[in-house]
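Here is a friendly walk through the model shown below. Keep the viewer open as you read, and follow along one part at a time.

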Amino acid sequence: MPNHLGYLSLALYVASFICYARNLSVPNIWVGRGASVLLAGGILVQYLSLYQRSLALHTVPYDDLYGSMSLFAWLLGITYLGLELFHRQRSVGAFVTLLLVCWITLLGLLTPRSLPVPSVPRGAIFAFHVTLNTWAYAAFALSFVLSVIYLVQDRVLRSRRLSVAFWRFPALDVLESMARSSVYVGLVALIFGVAMGLIWEHRLRGSYSFGDPKVIVTLAILAVYAAYLLLSRNANWRGARAALLCAMNFLIVLFSYTFVNLYLTKFHRFL
Amino acid sequence: MPTATNPNRVGVIRIQVALIGCNHRTAPVELRERIAFTSQQALQAADELKERGILEEAVVVSTCNRSELYGVPGDFAPSTAEAMEEYFTSFHKIPYDQLKGRFYRWAGPDAVRHLFRVAAGLDSMLLGEAEILGQLRTAYNQALDHGATGPVLNRIFQGALEVGKRVRSETEVGARPMSVALAGVKLAERVFGNLKGHSALILGAGAVAEQVVEHMRNRGIGNLRVVNRSFDRAAELAQRVGGEAVAWESLEAVLGVPDVIVTSVSATGPVLTRELLERAIAARSGKPVFVVDLGVPRNVAESAVGLYNLYLYNIDDLGEIVAQNKKARESEVPRAEAIIAEHIDKFESWRGALEAGSIVNDLREQFHQHREMVIREKLKEMDDVTPQERDRIARITEELIERLLEEPQQKLQHGRGMRGRLAGLEAIRHLFGLEDRKK
């Protein structure tokens, strides 16, 4: 059920993408700032949209795939904006906002005609569990985008055929550092998210379901991203190989988010 | 109403700008160095041009590529450009014949356009170079502080600085490196970001390598080592660039330290072999190394290409990048010209509005003088008019003048088309003899 706020947030993300793209082709401090402000506006409006959905459902707004994807987009926007401010680097904004726009448009296609049947309220710990895990996925998605840009930049530098856009992208060092920051955010969020899930499950059932495919894949995600952080400082891995590893790791996240959620798990299946 | 060129004088404002100068296109360096102005001389020249009544406002712009005099001519100064050229040659004690044909002259919007193009870097030897904007700013600020400028040159130079800033931020005219040395440094920045705190090694002591070091120093590179077969030459260069000289024999020992290696050694075979670089990268825990190979024959072995985390550019690679960048900069010129045209329109609008205001005021003054004269003459013949009726006649005729002027004033100040408005101003000046009257 898309609402007016949902459309407004999409419009703001589109405007932000246009400004980021413009700033990438012809750098202008005010256009760049405009892009960030529009992105912040889109994030705020999307929050209100999620809040409205939550009020209508009388529970967290992401019990179904639509809600979960919507939350993912919102957290991706927040994580990127945080990294942009931290690293003072806007040149990848065009790619992230394009991803956001595509994601939300896809979301529009998946939109259910009516609200899902409200589930039984499952408390704050469950809400934190889902939010933190989704945040981790969003941060990993961001590290994927940054790693792909790194690989392209590295290839261009090695081929010595420099395109117009080449001079506008961040340096390899900056991209690597942003990707690492993003993975750190994702790992911390995932660790806390998993912990919250275990606490909630123990309260509910008095036991832990470590055999659930979702739990197994999530632990695998933790392991591969931790490995990335270690290997990206290793002599034989730092640079393009680590970026490739980071990009490949995201395939497991996608697998977990889609296939596992939809088909493999019973406990973590969307409504 | 005070004039724009002299706030104490009343009369019609006619804003004119004159420019004379020589640049790298019209004069060789041997001549340009003889006609350069120091900052002190520039202020002295501005003072003298004003004292002699040639100009009312003056700014001298003097860089290694140009010496130019910008000014607002004094009222009715005959052939201002000749007077400026004569002053220019006499100032430098150069026979006029030697500079004849070397000067370019511009007036009005063409002079403004020239200044804006200079600020944008479009008139520079190296298209889009950034230094000129700083040089213009300095020349203008010094003239402003000295009191050599006035409202017109203030307006034009502030516009020029804005144009320069906009062209650099909104177009690619000045965006990409145009020299081999700078291209090397900019590429290193594509790997490491900010070069501050990074280290570099200079192998050999070639002139281009020294330029690379200069650019790196300007960007705050940290540790800098110089290795040369002749230790004395290494020490000499190290001292000049603020680095540390290292003996040739210790090359391998120090090769694992630098992030950037610039090599320009005269050697028949490669100095940096694949194995040597492999060991160097391993010694620095796999951190990337950026190598600029300026040597001919090349100093880095062909087999090193493709080494993991080695970014290698030779002199031809850099030359090709510079050529690409030159083309890219040239393709941006129309966009820069569009920004310049926009600012010229702004200036012309300002000029038109100022001149229109002054002309209407002058017309009003003229009409009132006629009105008073006519009333005085006619009332002499009318004995039966009471003082109250005289006052009424005065008020009615005053109102009539205001109503008659209302429409022309609106059209001159807010009418469509600047060219039309300026042409209208000229016509009014001519029809009502405002210039003759002023003379």
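Two strands count as paired if DSSP finds at least two bridges between them. Helices (H or I, at least four residues) and strands (E, at least two) are DSSP runs, numbered from the N terminus.

## Before you start

This is a predicted model, in which local features need pLDDT of at least 70, side-chain atom pairs count only at pLDDT 80 or more, and totals for chains, interfaces and linings use all residues. Residues are numbered from 1 along each chain as its sequence is written, while chains are lettered from A and ligands numbered from 1 in the order in which they are written.

## The antiparallel sheet of chain B

Let's begin with an open sheet of four strands in chain B, ordered E2-E3-E1-E4 with antiparallel pairing. Its edges are strand E2 (55-63) and strand E4 (104-107) of chain B, each of which pairs on one side only. On average, and with direction ignored, neighbouring strands here are turned by 15 degrees against each other. Axes are lines fitted to C-alpha atoms, for helices over the stretch in contact, and angles run from 0 to 180 degrees between N-to-C directions.

Inside this sheet, strand E1 (residues 18-23) and strand E3 (residues 66-73) of chain B run antiparallel and are joined by six bridges. One place to look is Cys22(B), whose bridge partner in E3(B) is Ser67(B). Helix H5 (residues 109-120) of chain B lies across E1, E3 and E4 of chain B, at about 115 degrees to E4(B). Contact here is a matter of C-beta atoms, placed from the backbone, that lie within 7 Å of each other.

## The parallel sheet of chain B

Chain B also has an open sheet of six strands, in the order E7-E6-E5-E8-E9-E10, and its pairing is parallel. Strand E7 (244-246) and strand E10 (310-314) of chain B are the edge strands, each pairing on one side only. Neighbouring strands of this sheet are turned by 20 degrees on average, direction ignored.

Four bridges link strand E5 (residues 200-203) to strand E8 (residues 260-263) of chain B, and the two run parallel. Leu201(B) is found opposite Ile261(B) in E8(B). Helix H10 (residues 231-241) of chain B packs on the sheet, where H10 touches E5, strand E6 (224-227) and E7 of chain B; the direction of H10 makes about 165 degrees with that of E7(B).

## A helix pair in chain B

H8(B) packs with helix H9 (residues 207-218) of chain B at an angle of about 50 degrees, their axes 8 Å apart. That angle makes H8(B) oblique to H9(B), on a scale where under 35 degrees is roughly parallel, over 145 roughly antiparallel, 65 to 115 roughly perpendicular and the rest oblique.

From H8(B), Val180(B), Ala181(B), Leu182(B), Gly184(B) and Val185(B) meet Val208(B), Gln211(B), Val212(B), His215(B) and Met216(B) in H9(B). By class, this contact has seven nonpolar, three polar and no charged residues. Ala, Val, Leu, Ile, Met, Phe, Trp, Tyr, Cys and Pro count as nonpolar, Asp, Glu, Lys and Arg as charged, and the others, Gly among them, as polar.

## Chain A, helix by helix

Chain A has eight helices and zero strands. Of its 271 residues, 41% count as buried; a residue is buried if 20 or more other C-beta atoms lie within 10 Å of its own, exposed if 12 or fewer, and partly exposed in between, with C-beta atoms placed from the backbone. The axes of helix H6 (residues 172-205) and helix H7 (residues 213-231) of chain A come within 10 Å and cross at roughly 150 degrees. This makes H6(A) roughly antiparallel to H7(A).

Val92(A) sits in the loop between helix H3 (65-87) and helix H4 (93-110) of chain A. Is Val92(A) buried or exposed? Val92(A) is buried, with 23 other C-beta atoms within 10 Å. Leaving aside residues up to four places away in sequence, Val92(A) touches Val145(A), Leu146(A), Ile149(A) and Pro170(A).

## Where the chains meet

The contact takes 22 residues from chain B and 18 residues from chain A. On the side of chain B that touches chain A, the elements giving two or more residues are helix H7 (151-170), helix H8 (180-192), E10 and helix H13 (315-331) of chain B. That side divides into nine nonpolar, seven polar and six charged residues.

Notes. Contact = placed C-beta atoms within 7 Å.
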